[in-house]
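Please consult the sequence and the structure while reading.

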Amino acid sequence: MGLTPRDLPPALEARMRRTAVVFLSLLAACSIERLAPAVPAELVFTHGAIWTASPARPWAEALAVREGHIVYVGEDGGVTRYIGSQTRVVDLAGRLMLPGFQDTHAHPLSGGLELGECNLYDANTVAEVEGLIRAYAQAHRDLAWIKGNGWQLPVFPGANPHKDLLDRLVPDRPALFYAADGHSAWVNSKALALAGVTRETKDPANGRIERDARSGEPSGTLRESAIELVASKLPAYTVAERIGAVRRALSEANRFGITAITDADAGPAYLEAYAALDRKGELTARVTAAIHSESGAPVEQEAARLRDLRKEYRSGNRLGVNTVKLYADGVIEARTAALLAPYLDRPGDRGPLNYQPDELTARITAFDRDGFQIHVHAIGDRAIRVTLDALAHAREANGPRDARPVIAHLELFDPADIPRFRELGVVASFQPYWALPDEYITKLTLPALGPARSRWIYPIGSLMTSGAVVAGGSDWTVSSLNPLDAIQVAITRQVPDSANGPVLIPEERVDLPRMLAAYTINAAFATRL
């Protein structure tokens with residue numbers, strides 16, 4: 001698992017020349033400290049295999065921490081100077097120590113809220129879904145709505161659960177269940193009636209109401225922006241509920257060694273909850289809040305709104321609010337991702353772009369001009385290309401700067417666009433746990449693309465080889481928050497615990513050192529930490 005200078009994490013490469021003097025100054029300071037008496041540390045680790053992420057010296061044996069700062073990393077013999085009568089010494093006995101993980105794309109606040117609702121993530125059959133919903137509804141007779149999350153699209157034919165089933169499970173109240181990917185929702189008849197959604201209701205922009213093939217009535221599944229037709233009728237969460245959700249989510253993140261996380265879709269109510277905890281010094285991880293950009297407002301009006309939110313919630317402590325989130329498209333499973341060529345099972349349909357190219361370019365250019373970091377959801381190859389084109393235009397219009405734009409998810413590529421990430425300085429935020437041959441891929445994706453296009457699903461290895469900065473993320477609660485799960489999948493491209501199972505595009509497997517970099521130093525680079 002050793003690293004060499006050849007394995008330099010891409011996030012460092014761009015800055016090596018202009019920071020050489022700084023590195024030399026730090027080395028000189030370290031040399032001076034070796035000669036001076038050391039102040040004892042509160043915490044010392046010894047006899048470990050400590051991976052530093054530094055290409056010059058990737059491995060160390062000991063580490064010392066004083067007042068929340070690492071003051072020594074090196075050989076066991078050198079750390080004894082930091083051990084005093086009150087120092088806690090931990091013998092690692094050869095075990096591995098890593099830097100704190102960082103997740104560059106997740107949904108911690110909404111995930112924290114979901115932890116208190118009906119959880120369907122582990123339901124793999126219709127019968128399991130039925131049992132969980134029925135039990136939850138019976139146990140929560142006081143709730144005006146029955147809400148839940150996590151139904152898996154492959155469980156239902158056509159990824160399209162019907163309202164009739166949900167009517168039987170929840171006959172007395174409106175019910176809404178988000179799919180595991182967050183891009184579809186399942187509702188019952190009472191929810192549709194409350195929202196006024198009928199046979200005559202037209203599909204909203206960038207959304208689709210699935211309909212019964214015979215009657216034309218809404219079938220109970222809503223895609224993308226159509227979800228809001230019903231979700232807008234849900235009772236709002238209180239400030240206290242959102243603050244509690246942040247606490248639950250960050251506790252879960254800390255449990256997996258995560259010390260920094262990006263909330264990839266934060267509206268004003270989310271910013272308020274994060275800021276409240278930040279003011280109290282109670283954020284247990286650094287949070288980068290990517291502020292949700294409203295698609296309907298004129299560009300300059302939206303830019304002004306974002307500037308106001310940044311000014312109101314910028315704290316300088318553990319909350320960062322200088323990032324803007326945009327959605328370029330949807331997801332392949334629901335046929336809402338934007339592709340360069342049509343879906344094989346929907347002739348002539350390439351999927352919608354959430355913004356026309358000129359509009360996306362205008363928004364990204366305006367937000368970049370205001371100094372915001374850009375964070376874009378792009379799944380399909382057309383969405384990826386249009387986003388790269390917009391970022392290239394912003395760079396030309398506003399002048400080059402250390403912008404570090406991020407494109408997340410990146411499921412399907414035209415290989416011609418792979419080198420553009422390094423050329424434009426764009427960070428590729430993959431969710432590596434998705435790069436495996438599960439039913440989302442085998443049942444809902446491969447049949448829609450065919451073998452030639454499917455070769456370029458989640459090309460993590462190719463992006464790394466190109467020299468792009470590749471950072472890791474989970475999109476929790478869509479998939480596991482544990483970085484080790486995602487790292488394993490990126491290395492094997494297999495379903496966990498199936499060592500003899502199929503491999504998804506073995507050419508795109510990557511090694512452990514580069515995946516550790518993706519979840520540590522590269523992720524820190526992506527969020528300016």
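Q: What makes the pair formed by the side chain of Asn 482 and the backbone nitrogen of Leu 484 a polar contact?
A: A polar atom of the Asn 482 side chain lies 3.0 Å from the backbone nitrogen of Leu 484. A polar contact is a pair of N or O atoms within 3.5 Å; within protein, one must be able to donate a hydrogen and the other to accept it, and residues adjacent in sequence count only if both atoms are side-chain atoms. The Asn 482 atom is a side-chain oxygen, and the contact is found at the start of H19.

Q: How is it known which kind of model this is, and how are residues counted?
A: This is a predicted model, in which local features need pLDDT of at least 70, side-chain atom pairs count only at pLDDT 80 or more, and totals for chains, interfaces and linings use all residues. Residues are numbered from 1 along each chain as its sequence is written, and side-chain values use heavy atoms, with hydrogens and water left out.

Q: Why is Asn 482 called buried?
A: Its relative accessible area is 14%. Buried means under 20% relative accessible area, exposed over 50%, and partly exposed in between (1.4 Å probe, protein chains only), so the term buried applies. Asn 482 is found in the loop between strand S21 (470-472) and helix H19 (483-492); helices (H or I, at least four residues) and strands (E, at least two) are DSSP runs, numbered from the N terminus.

Q: What puts the buried residues of H19 on the same side?
A: The buried residues are Pro 483, Ala 486, Ile 487, Val 489 and Ala 490. They cover an arc of only 165 degrees around the axis, and therefore lie on the same side of H19; the arc is that of the directions from the helix axis to the C-beta atoms. These buried residues pack against strand S8 (101-106), strand S15 (258-266) and helix H20 (512-518).

Q: Why is Ser 454 called buried, and which residues does Ser 454 touch?
A: Ser 454, in helix H17 (residues 451-454), has a relative accessible area of 8%, and is therefore buried. Not counting residues up to four places away in sequence, Ser 454 touches Leu 446, Leu 449 and Ile 505, where contact means heavy atoms within 4.5 Å.

Q: What makes S2 and S3 a pair of strands?
A: Strand S2 (residues 49-51) and S3 pair in the antiparallel sense over two bridges.

Definitions and conventions
Pairing = 2+ DSSP bridges.
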